[in-house]
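User: I'd like to talk through the pockets and the packing in this model. Can you take my questions one at a time?

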Amino acid sequence: MDKKVRRVDRKIDDKEALVILTKGEYGILSMSTPDYEGYGIPLNYVFDRNKIYFHCAVDGKKLDYLRSNNKVSFCVVGHTQIMPSKFGTLYESCIVSGLLSEVDGDEKRNALMLIIEKYSNDFVEEGKEYIKKLYDKTKVLRLSIKSITGKSRKQ
């Protein structure tokens, strides 16, 4: 995976970056508009086997921008702590880049179940019904990871 990090003293290995990605609650999906303007949106997600899944409505800006350019990045920030006296912040983060595409069928159902298990684990049975009810009103997008970098300041 990608190893380009300017502050090599803060670089973390892929394994640590994947832990941040796995444990994160949300991240920022960054895309480009057809006019080459940046577009970032905070999203819930689930990471599974070198892929990140998101759910969304059946139409909207994400889907419009995806159709014009499927190259994206996704940033997750883990634990942070402001250090006022040091004019700095303790942090951990990872950034992935890759290709975004829509999925359907079993992959879509599996991704939706993974999202239910991550965010509503005490309501899995209700989540299954929710998926059945809204399946056709939901899109699932897959980010196939091409590269990952991670950084951390621990002291």
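User: Which element gives the most to the lining of the second largest pocket?
Analyst: This is a predicted model, and its second largest pocket has Ile 12, Glu 16, Val 19, Ile 20 and Lys 23 among its lining residues, along with others including Val 76, Glu 92 and Lys 154. Two elements, α1 and β6, each supply at least two lining residues. The top contributor, with four residues, is α1.

User: How many charged residues are in that lining, and what's the volume?
Analyst: The lining of the second largest pocket splits into five nonpolar, three polar and four charged residues. As for the space inside, the volume is about 150 Å³.

User: Now the largest pocket: which element has the largest share of its lining?
Analyst: There are 15 lining residues, with His 55, Leu 112, Ile 115, Ile 116 and Tyr 130 nearest the centre. The elements giving two or more residues are α3 (105–119) and α4 (124–134). With five residues, the largest share goes to α4.

User: What does that lining look like by class, and how much space is there?
Analyst: By class, the largest pocket's lining has nine nonpolar, five polar and one charged residues. The space in this pocket comes to about 250 Å³.

User: Which element gives the most to the largest nonpolar core?
Analyst: That core has 27 residues, and Leu 143 is one of those with the most contacts inside it. The element giving the most, with four residues, is β8.

Conventions. Residues are numbered from 1 along each chain as its sequence is written. This is a predicted model: local features need pLDDT of at least 70, side-chain atom pairs count only at pLDDT 80 or more; totals for chains, interfaces and linings use all residues. Side-chain values use heavy atoms; hydrogens and water are left out. A nonpolar core is a set of buried Ala, Val, Leu, Ile, Met, Phe, Trp, Tyr and Cys residues joined through side-chain atoms within 4.5 Å. Buried means under 20% relative accessible area, exposed over 50%, partly exposed in between (1.4 Å probe, protein chains only). On a 1 Å grid over the protein atoms alone, a cavity is a set of points where a 1.4 Å probe fits but cannot get out, and a pocket is an open set with protein on both sides within 12 Å along at least five of seven lines; lining residues have an atom within 4 Å of a point. Grid points are joined across faces, edges and corners, and a volume is the space filled by probe spheres set on the points. Ala, Val, Leu, Ile, Met, Phe, Trp, Tyr, Cys and Pro count as nonpolar, Asp, Glu, Lys and Arg as charged, and the others, Gly among them, as polar.
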